[in-house]
Amino acid sequence: MGDAFIRHIELLGYEKRFFPSQHYVYMFLVKWNDLSEKVIYRRFTEIYEFHKTLKEMFPIESGDINIENRIIPHLPAPKWFDGQRSTENRQGTLAEYCHTLVNLPHKISRCLHVVTFFKVRHDDMNPVTDSLNKKPEVFLLPKDSKKNPTDITGPIVLQTYRAIADYEKSSTSEMALKAGDMVDVVEKSENGWWFCQLKNKRGWVPAAYLEPMDGPDESEEQEPNYAGESYVVQKSYTAVEEDELTLKDGDTIEVIHKLLDGWWVIRKDETTGYYPSMYLQKAGEVNTSMKSELRNRSAPPRRSTIRNVQSIHKQGRKQISQEIYRRNSKKYILSQNKANAIRERNEPQENKAKAQPAVPPRPSKDVILTRCTESTRSRIL
């Protein structure tokens with residue numbers, strides 16, 4: 001028998017899991033050419049990373065060279081925090097994506113990257129669980145929805161954002177904007193460059209120039225992680241603004257807040273500041289040619305540097321000062337507690353308040369008359 005390939009991929013539904021923390025995984029029934037059928041579980045972030053690599057492998061078919069040649073289907077970027085509603089709403093898109101994927105030319109649908117990703121893994125057969133936590137909750141697609149993927153799918157709905165200022169593109173891969181332009185976001189990259197379309201134009205746009213229509217604060221933006229996540233600097237950068245950090249290639253830092261505009265708050269020793277995320281790589285992660293190519297680009301502009309900003313929202317985005325970042329750092333809190341303990345231990349004894357003697361009880365009248373002199377007694381009596 002020849003090499004293994006996939007005949008059909010069917011989305012069964014999704015699971016809500018609670019270990020090691022609450023998250024969601026999609027369930028797929030994968031039918032192989034040897035007539036075997038396997039159920040696998042994948043997070044959407046995994047599927048999206050698979051999709052991005054597939055596009056890199058086939059740039060013509062992904063439309064990177066000419067958009068008219070694109071046959072690889074679109075897949076919206078994951079949100080920073082996926083809830084149950086977004087997980088459920090995405091099922092139609094995923095079902096259509098898988099249906100289109102297996103019907104692509106064999107050089108794509110049967111390539112090693114596709115076959116490997118959909119092969120059953122050890123954790124598909126034995127998911128990591130904790131008996132102390134709740135069992136996973138299973139949400140299956142209605143049976144009548146599985147018969148035809150088009151029954152549960154429609155056009156992929158892209159998020160619409162508004163440009164807050166004019167932007168002049170600096171390369172052919174970018175797209176110029178005018179304040180007030182309404183663009184559809186096709187892909188959100190964590191480096192702060194978003195791939196957008198405006199009518200018949202498409203290109204990369206700095207996320208800092210875009211604002212959501214429903215409010216100034218990004219619901220997808222993560223909360224700060226003051227414990228820190230270890231990263232390694234892959235490209236040097238010299239600070240331009242006061243709240244940025246200057247680092248050199250090879251420095252090890254901790255990321256404490258990942259922001260959508262591509263400028264992350266990092267900590268080096270006890271100093272915090274902004275740094276371009278596109279110049280960072282997670283500790284232990286393997287470098288790729290795509291990441292190396294991205295780092296040759298310039299960092300996206302920060303919102304604080306944009307002039308003539310015209311927002312439709314009265315309230316500005318929430319901003320956290322570097323002092324708050326520093327004081328909420330676990331390292332800072334631990335160092336303060338340690339310093340206080342040492343200070344109390346070394347404090348001189350004489351500086352401590354001395355114990356006051358107890359006040360003696362007032363003597364009775366008879367005791368006073370007994371102990372006083374004759375002259376005193378004669379005056380009292």
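**Notes on the predicted model**

1. A95 is buried, with a relative accessible area of 11%, which is below the 20% limit for that class. This residue is found in helix α3. The structure is a predicted model, and the values below are to be read accordingly. A95 and L11 are separated by 84 residues in sequence, yet their C-alpha atoms are 5.7 Å apart in space.

2. Helix α3 covers residues 91–102, and its 12 residues should span 16 Å at 1.5 Å a residue. The C-alpha atoms at its ends are 17 Å apart, which agrees with that expectation.

3. How many of the 12 residues of α3 are buried? Nine are, so the helix is largely enclosed by the rest of the structure. The buried residues are Q91, G92, T93, L94, A95, Y97, C98, L101 and V102. Their cover includes strands β1 (6–17) and β2 (23–32), together with helices α1 (44–57), α2 (84–89), α4 (106–109) and α5 (112–117).

4. The aromatic residues form a second topic. The model contains 12 aromatic pairs. In one of them, the ring centres of F50 and F117 are 4.5 Å apart with 20° between the planes, so this pair is stacked. F50 belongs to helix α1 and F117 to helix α5, so the pair ties together parts that lie 67 residues apart in sequence. Both partners are buried: F50 has a relative accessibility of 3%, and F117 has a relative accessible area of 10%.

5. Another aromatic pair, Y237 with W263, is edge-to-face, with 5.6 Å from centre to centre and 70° between the planes. It links distant parts of the chain, 26 residues apart: Y237 is in the loop between β10 and β11, whereas W263 is in strand β12 (residues 263–268). Y237 is buried at a relative accessible area of 14%, and W263 is buried at 4% relative accessibility.

6. Ring pairs also join F28, F50, F117 and F118 into a cluster.

7. E244 is placed in the loop between β10 (229–233) and β11 (252–257). Is E244 buried or exposed? It is buried, with a relative accessible area of 8%. The side chains of E244 and Y237 are joined by a polar contact of 2.6 Å. Leaving aside residues up to four places away in sequence, E244 touches Y237, A239, W263, Y274 and R302.

8. The charged end of R302 sits over the ring of Y274, at 4.2 Å from its centre. Elsewhere, R17 lies over the face of Y41, 4.8 Å from the ring centre.

9. Which residues have the most contacts inside the largest nonpolar core? They are I266 and L280, in a core of 41 residues. Two or more residues come from each of β5 (159–163), β6 (182–188), β7 (193–198), β10, β11, β12 and β13 (271–276). A second, separate core has 33 residues, among them I6, C98, F118 and L141. Of these, C98 is also one of the buried residues of α3, and F118 is part of the ring cluster described above.

Methods. Residues numbered from 1 in each chain as written. Predicted model: local features only at pLDDT ≥ 70, side-chain atom pairs only at ≥ 80, totals over all residues. Heavy atoms only, no water. Helix = DSSP H or I, 4+ residues; strand = E, 2+ residues; numbered from the N terminus. Expected span 1.5 Å × (residues − 1). Buried < 20%, exposed > 50% of the residue type's maximum accessible area, 1.4 Å probe, protein only. Contact = heavy atoms within 4.5 Å. Polar contact = N/O pair within 3.5 Å; in protein donor to acceptor, adjacent residues only side chain to side chain. Phe/Tyr/Trp six-rings, centres within 6.5 Å; stacked < 30°, edge-to-face > 60°. Lys NZ or Arg CZ within 6 Å of the ring centre and 35° of its normal. Core = buried A, V, L, I, M, F, W, Y, C linked by side-chain atoms within 4.5 Å.
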